[in-house]
Amino acid sequence: MKAAVRYHSLTGNTKKVALALAEGAGCQAAELSAGAADADLLFVGAASYATHGHSVPPEVRRFIASLDPRSVRRAAVFSTGFRQSDTVGTLRRLLSERGIAVEKESFFCKGRLAIFQMRHPDADDLGRARDFGRRLVGN
């Protein structure tokens, strides 16, 4: 199975999770600016930010809008944040509207924000991200 990971990370939290997830899935992680990848399974990750109305940033929306459903068989979503928001739901909806099948299972973990949640994502979070990637690709 050909898998790929694409992510958007302003603070580095989502990047850490993306790298761990890619390790588990046996593929490479890259920022959204790397562009889409032909993949049987594309993992898409982002966080919601107050600077974007507590929703996913415009570059994430543009990336998903650029995906070709003929090149991406299905997608899985992941997110980090101060608290679980509807980022996963937004990513899932945007991908579905694009005509891409989305896995029911998703991944979320806390992310450090200023002086809050200083240790997240922690080793346990990253281990769960690796397991998520491994499980979804069947490794």
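A salt bridge here is a side-chain nitrogen of Lys or Arg within 4 Å of a carboxyl oxygen of Asp or Glu. Keep that in mind for the tour. You're looking at a predicted model, where local features need pLDDT of at least 70, side-chain atom pairs count only at pLDDT 80 or more, and totals for chains, interfaces and linings use all residues. Residues are numbered from 1 along each chain as its sequence is written, and side-chain values use heavy atoms, with hydrogens and water left out.

**Stop 1: Asp40 and Arg73**

Searching the whole structure turns up eight salt bridges. Select Asp40 and Arg73 for one of them: the closest N and O atoms are 3.2 Å apart. Asp40 sits in strand β3 (residues 39-46) and Arg73 in strand β4, so this pair ties together parts that are 33 residues apart in sequence. (Helices, H or I of at least four residues, and strands, E of at least two, are DSSP runs numbered from the N terminus.) Now colour by accessibility: buried means under 20% relative accessible area, exposed over 50%, partly exposed in between, using a 1.4 Å probe and protein chains only. Asp40 is partly exposed at 21%, while Arg73 is exposed at 64%.

**Stop 2: Arg74 and Glu103**

Next, pick Arg74, which is partly exposed with a relative accessible area of 22%. Its salt-bridge partner is Glu103, with the closest N and O atoms 2.1 Å apart. Glu103 lies in the loop between β5 (101-102) and β6 (107-110) and Arg74 in strand β4, so here the parts tied together are 29 residues apart in sequence.

**Stop 3: Ser79**

Stay on strand β4 (residues 72-81) and select Ser79. Is Ser79 buried or exposed? At 1% relative accessibility, it counts as buried. Show what Ser79 touches, leaving out residues up to four places away in sequence, and you'll find Ala46, Ala47, Thr87, Val88, Phe107, Phe108 and Cys109. Contact means heavy atoms within 4.5 Å. Zoom in on Ala46: its backbone oxygen lies 2.8 Å from a polar atom of the Ser79 side chain.

**Stop 4: helix α4**

Finish on helix α4 (residues 123-137), where Arg128 and Asp124 are four residues apart, or about one helical turn. These two form a salt bridge with the closest N and O atoms 3.9 Å apart. Arg128 is partly exposed, with a relative accessible area of 35%.

Technical notes: A polar contact is a pair of N or O atoms within 3.5 Å; within protein, one must be able to donate a hydrogen and the other to accept it, and residues adjacent in sequence count only if both atoms are side-chain atoms.
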